[in-house]
Amino acid sequence: MSSMRFFDPHIHVTSRTTDDLERMASAGVRAIIEPAFWVGQPRTTLGSFVDYFSSLIGWERFRAAQFGITHYCAIGLNSKEANNEPLAREVLEILPRFALKEGVVAIGEIGFDEITAAEERAYVAQVELARANDMVVMVHSPHRDKKRGILRSLDIARELGFPMEKLVIDHNNEETIESVLATGAWAAFTIYPHTKMGSERMCTLVQKYGPERVIVDSSADWGVSDPLSVPRTAKLMLERGLAPDTVERVTWRNALDAYGQSGQIDVEALLAKPAIDQRQLFADNSVLRGQDPRVETGVPN
Ligand SMILES: [Zn+2]
């Protein structure tokens, strides 16, 4: 366990503390993807989106690196806020400015929440943006009416001629896994504490369906969630007797293969022990508050 590395390909780390980043790094989380999402209450102006997207490719990437975690992100207009159509149109217009930047591995998270016509319009526009730029898409699925939302997301992508191997459907469960895998898309699972998809159910799913195109993530955010979901689930899988290679695929390699299609991920570099230099600043700002900076040189794999 102690030598395992993990990739959490869905975590809203801007909502988490430096304690979380330290615990993640020491549990073996080497890299993460932070998809753009809503922030708990609706934004009212375009500028809020601009600043949020900037922080995902700027400060948050720096902050994670200060603790030895490589941070990638996905840029997109989330389904909830797609329902404010005047603002949504403005956001869609500025998306390419951020989506094509270094370290952006996908358009996401996009998809359906209440499954409205406005959500569908935003989803279509963003799948088309991804297709035009040969990008991966990370799809959020609704908590209510999940299966219908997922089937609609898959159908639309297919109708638009989007390559299924570049589509990652997230927040799956026992009722949706077969439909997703049957299309050739990737099936990601969010492991929440105490509810919904737990680690136990995830083990059973991998035992039943195998590891191919299956991805485990935490989706940890500002709500009740667990930034250590991925390493904790891996531990339980090993205890349950799943093969180490299977566990490695669903908690590391599959997500790298899926999002590596962006050309933005240097897998070799992720295998090395990361260098940490907390003397560094980002726009004159440090993560430290007078503590002694950690300075560690990286060790090649
Ligand atoms: Zn999310």
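The following legends describe close-up views of a predicted model.

View 1. Three residues coordinate the zinc ion: H10 and H12, each through NE2, and E109 through OE, at 2.0 to 2.1 Å. Along the chain, these donors follow the spacing H-x1-H-x96-E. H12 lies in the loop between β1 (6–8) and α1 (18–26), whereas E109 belongs to strand β4 (residues 104–111); the pair, 97 residues apart, thus links distant parts of the chain.

**View 2. Strand β8 and its partner β7.** Strand β7 (residues 186–190) runs parallel to β8, and four bridges join the two. A188 of this view stands opposite I215 in β8. In a regular strand, side chains alternate between the two faces of the sheet. Strand β8 (residues 214–217) is covered on both faces: V214 and V216 are buried on one side, and I215 and D217 are buried on the other.

**View 3. The largest nonpolar core.** This core has 78 residues, of which F53, I75, Y123, L167 and M237 touch the most other members. Helix α5 (residues 85–99) gives the most to the core, with seven residues. Leaving aside residues up to four places away in sequence, L167 touches Y123, V137, V139, L154, A157, F162, A185 and W186.

View 4. In soluble globular proteins, nonpolar side chains tend to be buried together.

Note on methods:
Residues numbered from 1 in each chain as written. Predicted model: local features only at pLDDT ≥ 70, side-chain atom pairs only at ≥ 80, totals over all residues. Heavy atoms only, no water. Donors = N, O, S within 2.8 Å, 3.2 Å for Na, K, Ca; no water. Buried < 20%, exposed > 50% of the residue type's maximum accessible area, 1.4 Å probe, protein only. Pairing = 2+ DSSP bridges. Core = buried A, V, L, I, M, F, W, Y, C linked by side-chain atoms within 4.5 Å. Contact = heavy atoms within 4.5 Å.
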